[in-house]
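Here are my notes after going through the model you sent.

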Amino acid sequence: MKDPCSAWPSLSLCIAILSWLLLGQVAFSATDPSLSTEDDPLPSASQKAKPAALSPGTPPSGSQPVTLPAVTVTGVGTEESIVPSAQPNSSVYGIPIDVMDTPRNVVPISRGLAQSAGIGQFGYLDPLSTAMLAPAALTQINYGIASSPTIRGRNGLTLINGIEETLNNNSEQNIPWNYNMVESMDLVEGPSNAVFGATQVSGGYVNYTTKQPYFDQFRGYLWDTMGMYQEYMWGADIGGPIDKDKKLGYRFSYMGQENGSYYQYQRNDQQNFYLALGYHPDESYTVDFYGDLGTYDYTPMWGMINRPTQSLIDSGLYLPGALPPSQATTGLVNNPGAATYLGAPVGISRRDVLLNPTDGGYGTTGLMQVIQKIQVNEDLQIINNTFFWYHDDQWILHPIFYSESCRGDYEIDNRTECRLTFDIPHAEAQEEPKEGKALLGELRLHNLVDAGVELHYQKNLDYNSDSFIVLNSYSLVGQNPLLWNATLSKAFQARIGNPKAPFGGEWPIPGAPSGYYFEPANLAAGSTDCHYAAVSPFYQHSLEISDRLSLQVGARATGYFVSAETPPGTPAVLFTQLNTTQLAPLVTVGPVYRIFPWMSAYFDYNWGYVVNAADMGGFSPFFTGSQFRLLNELYEGGFKFNLLKNTLFASIDAFSQYTYLNNRTGPATPSTVTGFEASMTYQPDRHFWAKLGYAYMHGTEDWTSVGHGPPMYQTYSTALALQQNLPLNNSGLYPAGIYNFLGFPDQVMSGMVTYRTDTGLGVTVGGLVMSEQYLGYDYGTKIPTQFILNAALFYAAPRWEARLSFYNFTNEPYWLSFGMGANGTRTFNYEDIVPGMPFWVQGTVAYKF
């Protein structure tokens, strides 16, 4: 056995180098191109150097050489494999661990698997695509501007090569996400780990691995995608070695799109330029750079079909009739009963949604990331990951009324890690009882420690207005769309320049076009001039106690140093500022027991504080200290099975997560999600794979200690308002109590199957089933149980690829709630409902060289 004391000089060296790096000599780590970031495992005890063994066909010394016949082996390549246990994974604990020994639920998604499910194939995050692979990741439409799906009823976090993108609020980055730069992604359910950390409340996170440089040879491809409803997307991707020694490589990728939409007046035109550079001179040192620049001209998909009723959901019947725009208002004052102007139900096109033709905006994003890795010796590795993200956007939606202007927000993040492996000495048992050895297995005491510090700085200058919600005042039938404009309302005009109006009134946004307004005091909705720093030391320890028992423990403490004030343009009477220092600890514990080599049992406990973010991830000057101490606590346990010679992977788990739900114009509220999940992935060869999943999730909101119940911009359906002559847009509160999640199906089941021939021809079929979803806390209107079926035909040859996708090929008229689960937009659910897209076709052709 190797002398374990030799590990301690390495530890001292690690601490010295870490201190040197933090003083300004920065080193950056490389990214493993096959899975998630920082996936270069240090050798385990079983991988340490051993005496050379004779390989098949190698004769002993002095023997005559023997020639064996050639054998051709055909299997599933690394890039083609979809079985989660195919490779170690680092997205759960930040260090590479076998999935069977990982005490959490993680779904690795390759680029090919994402293409099969439709993730990113629409120019935005389709709400059903991730659920095709992970039922717990059914999401809402997120206005088409989200970077991560909803996971277990709560918006997920967004990580890029292992660093959290904090310039968003509840995964809504307010600009369409660029899926062209993504190579693969890992979807993790539950709170984040000690290495990655977490700022905001979440039900999980997605770790995106961006495209990697090519070092072996020059290669590339050109592609073009066209689809029904004015969908046009195209791109090019090239890369290869730069020097003759193939130590310096690059990859450049471009995507353009000019997309209309099934929904009227909705568009997304964007250009993205991505560059990856890598320098890998030897095994002891590597450095990689990733950069992306995106420009966007788009319309957020916010106003869909208003006035949702059971007749609209079941029969497509809409209640027409409208107030004059000048009389549109919220609340009960000067708000006439619905029976005074609503007419008899009529049929409506599902394409007619509540967007003003003048709605929309533009924006820019920028990414720069450098990851460097130093292999000091076989036991010590140092990694540094520096991340920069830039965001600028400006857009307006007149019916809501929603206007936003973010003036060059940016974040800088730097994480330095020291990864150390060592073995703890232990005496070999002379007469160990057979029962004990059978229970615990062979004693190993092998350790992998990942310790370091993460530094973060963020600047936000954000203007936002979204509290004057009068969507149900407008009629999609018989009214000019240009009149869908809240600024025409006398009630809205009365708020302009009025500091006593709700949320401080409406004020012109400095430097923005005419008609843009912001609310200075809208809390989590988020007008703010904020900058903050965060310092996060962390420690993650993977202990392989024996060949059957392992333990993951981690701890992190994030110190926030926040300065926030109301932004320029705020009247002096409303000026408020916040200067605070807060501490957010995190602790994780996760044992794993190998019952058999092919079956493991695990338990995971994650406890930590996270924060309530304002628009674009800053902090509101109106926040109190409690908004920096939101508990995110997870209990999860389950079993994993690796069967049929690593071709069948299955898992079952049960979980309970205590978290908080987001309220756009109020403090966060406690909530709990409990559930059960089961999944199976089968891939016997390169010709066939199947993936099935089921999730039962039940979420509740606890308003018992708040003093009132949940708010909604309208607390009853429009049909009930017509029947009882109640005002629309009453903007009321329910009584205090415990309520079930809205817009959230308790049960989701999905599956996908693919078969491919040796000629390259193949077919994929996928399906999704969702149980019923209630729109309001009165539980009077619901979306019934629904299903959606997709299919695709594809052809893959050495030079050409083609894919023809058929979405919703049975043409089911399905619906989605506008706000799902713990998302703050659930308060719009009686004002807005999303008509799912009907049958439509998309085709892609690619040429490879």
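1. The largest cavity holds about 230 Å³ of space. Its lining takes in 24 residues, and the closest to its centre are F122, Y124, G260, S261 and Q266. A search of the whole structure turns up 13 cavities of 30 Å³ or more. Do keep in mind that this is a predicted model.

2. On to the charged pairs: how many salt bridges does a search of the whole structure find? The count is 23. One of them pairs R594 with D101, with the closest N and O atoms 3.0 Å apart. That pair links distant parts of the chain, since R594 is in strand β23 (residues 577-596) while D101 sits in the loop between α1 (7-22) and β1, 493 residues apart. R594 is buried, because its relative accessible area is 17% and the cut-off for buried is under 20%.

3. R152 and E677 also meet through their side chains in a salt bridge, at 2.9 Å from N to O. Here too the pair links distant parts of the chain: R152 belongs to the loop between β2 (150-151) and β3 (154-155), E677 to strand β27 (residues 669-685), and they are 525 residues apart. Buried or exposed? Both R152 and E677 are buried.

4. Next, have a look at D237 and R251, which form a salt bridge with their closest N and O atoms 3.0 Å apart. D237 and R251 are both buried.

5. There is also a network of salt bridges, which links R415, E417, R419, D450, E454 and R556.

6. Now the open sheet. Five strands make it up, in the order β1-β6-β7-β4-β5, with mixed pairing. β1 (106-110) and β5 (163-164) are the edge strands, each pairing on one side only. Strand β4 (residues 157-160) runs antiparallel to β5 and is joined to it by 2 bridges. Across that pairing, I160 stands opposite I163 in β5.

7. A few backbone details deserve a look. I400 and F401 are joined by a cis peptide bond, with omega about 0°. F401 lies in the loop between β16 (380-397) and β17 (402-423).

8. Which residues other than glycine have a positive phi? L445 is one, at about 55°, and N725 is another, with phi near 55°. L445 is in strand β18 (residues 443-465), and N725 is in the loop between α6 (718-724) and β30 (732-733). L445 is buried, with a relative accessible area of 17%, whereas N725 is partly exposed at 38%.

9. Last, the surface. Y755, V763, V765, L793, L804, F809 and F839 make a nonpolar surface patch of about 570 Å². F839 is placed in the loop between β39 (833-835) and β40 (840-848). With a relative accessible area of 30%, F839 counts as partly exposed.

Methods
Residues are numbered from 1 along each chain as its sequence is written. This is a predicted model: local features need pLDDT of at least 70, side-chain atom pairs count only at pLDDT 80 or more; totals for chains, interfaces and linings use all residues. Side-chain values use heavy atoms; hydrogens and water are left out. Patches are made of residues with over 30% relative accessible area and no salt bridge: like charges are joined within 9 Å, nonpolar side chains (Val, Leu, Ile, Met, Phe, Trp, Tyr) within 5 Å. Accessible areas come from the Shrake-Rupley method with a 1.4 Å probe; for residues, only the protein chains shown count as cover. A salt bridge is a side-chain nitrogen of Lys or Arg within 4 Å of a carboxyl oxygen of Asp or Glu. Helices (H or I, at least four residues) and strands (E, at least two) are DSSP runs, numbered from the N terminus. Buried means under 20% relative accessible area, exposed over 50%, partly exposed in between (1.4 Å probe, protein chains only). Two strands pair if DSSP finds at least two bridges between them. On a 1 Å grid over the protein atoms alone, a cavity is a set of points where a 1.4 Å probe fits but cannot get out, and a pocket is an open set with protein on both sides within 12 Å along at least five of seven lines; lining residues have an atom within 4 Å of a point. Grid points are joined across faces, edges and corners, and a volume is the space filled by probe spheres set on the points.
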